[in-house]
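Please work through the following exercises with the sequence and the coordinates open beside you.

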Amino acid sequence: RLAGVLGECNTLARLDLSHNNVGDEGAEMLAEGLGEGKALAHLDLSWNRIGAEGWVRLWGVLGRCTALARLDVSHNWIRDKGAEGLAGVLRECKALSRLYLSHNGITDEGAKMLAGVLGECKALAYLDLSGNGIGDEGAGSLAAVLGECKALARLQLRQNRIGDEGGERLAGVLKQQKAPAGLDLSSNSIGPMTAIRLALGDYARLKVGFDKDLCQPRFVFRQRQAVMDA
């Protein structure tokens, strides 16, 4: 019923459908209802159990939402297939400044596909990829393009599977002063020596968390200082 009237809302700028049970079928109907969505600037579809098939339909529509500045699709089932579809339309979202993709089952493959287009997202200032399955390979792909993301001010990578190899790649970016001002790597599998090299980079705010399974301390690094996070 809602999807049926959305097409008539030509001036709709904000739509929040978070914490529902939209699912793939509802996502398909929503895609039909959104139509061109030229005025839509804020869309929240988080916590909706939408899988890759539902996102395939939605991405095609969102690519035409030229005013879209904030997109929250966290806590769904996007996975790598859905990430591939998103990568295909991100370059069309010229106004997108905040993108929330946390807890979506995205692995290294999905991260690599997203990294391939991030350099073209000139307005993107905030990217949340926390709580996924991104490891060293995916972290390396992201590190390789961070220098092209001039507007990116904060990157959330906490609660992934990034180890020392991925941490070293990111440390190299920090050293070259090409990383975002805020980079969260807490609750990964980064060891103490790599964490120190990360801390020596040039940054405004950096969080590094050691693997809790190793019973090692967690440190929060800010402005070239290391402070025990009790």
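Predicted model: local features only at pLDDT ≥ 70, side-chain atom pairs only at ≥ 80, totals over all residues.

**Exercise 1.** Describe the protein chain as a whole through its secondary structure, burial, surface and contacts.

*Solution.* Begin with the secondary structure: the protein chain holds eight helices and ten strands. Next, consider burial, for which 50% of the 230 residues count as buried. The accessible surface then comes to about 10800 Å², and carbon and sulfur atoms account for 49% of it. Finally, take the contacts between residues at least 6 apart in sequence, of which 75% join residues at least 24 apart.

**Exercise 2.** Determine how H7 is oriented relative to H8, and which residues make the contact.

*Solution.* Two packed helices are described by the angle between their axes and the distance between the axes. For H7 and H8 the angle is about 15°, and the axes are 8 Å apart. Because angles under 35 degrees count as roughly parallel, H7 and H8 are roughly parallel to each other. Their crossing is left-handed. On the H7 side the contact is made by Asp 164, Gly 167, Glu 168, Leu 170, Ala 171 and Leu 174, while H8 contributes Thr 194, Arg 197 and Leu 198.

**Exercise 3.** Repeat the analysis for H5 and H6.

*Solution.* Here the packing angle is about 5°, with the axes of H5 and H6 lying 8 Å apart. H5 is therefore roughly parallel to H6. The residues in contact are Asp 108, Ala 111, Lys 112, Ala 115 and Leu 118 from H5, together with Asp 136, Glu 137, Gly 138, Ser 141, Leu 142 and Val 145 from H6.

**Exercise 4.** Which residues of the largest nonpolar core touch the most other members, and which elements give two or more residues to this core?

*Solution.* The core has 60 residues, and those that touch the most other members are Trp 59, Leu 71, Leu 99, Leu 101, Leu 127, Leu 129 and Leu 157. Among the elements giving two or more residues to this core are helix H2 (23-34), helix H3 (52-62) and strand E7 (182-185). Leaving aside residues up to four places away in sequence, Trp 59 touches Leu 71, Val 73, Ile 78, Gly 82, Gly 85, Leu 86 and Val 89.

**Exercise 5.** Is Gln 156 buried or exposed, and what does Gln 156 touch?

*Solution.* First locate Gln 156 in strand E6 (residues 154-156). Its relative accessibility is 3%, and because buried means under 20%, Gln 156 counts as buried. Beyond residues up to four places away in sequence, Gln 156 touches Tyr 126, Leu 127, Asp 128, Leu 129, Ser 130 and Asp 184. The C-alpha atoms of Gln 156 and Leu 129 are separated by 5.7 Å, although these residues are 27 residues apart along the chain.

Conventions. Residues numbered from 1 in each chain as written. Heavy atoms only, no water. Core = buried A, V, L, I, M, F, W, Y, C linked by side-chain atoms within 4.5 Å. Buried < 20%, exposed > 50% of the residue type's maximum accessible area, 1.4 Å probe, protein only. Helix = DSSP H or I, 4+ residues; strand = E, 2+ residues; numbered from the N terminus. Contact = heavy atoms within 4.5 Å. Areas by Shrake-Rupley, 256 points an atom, 1.4 Å probe, with all protein chains shown as cover. Axes fitted to C-alpha atoms, helices over the stretch in contact; angles between N-to-C directions. Parallel < 35°, antiparallel > 145°, perpendicular 65-115°, else oblique. Left-handed = near helix turned anticlockwise from the far one by under 90°.
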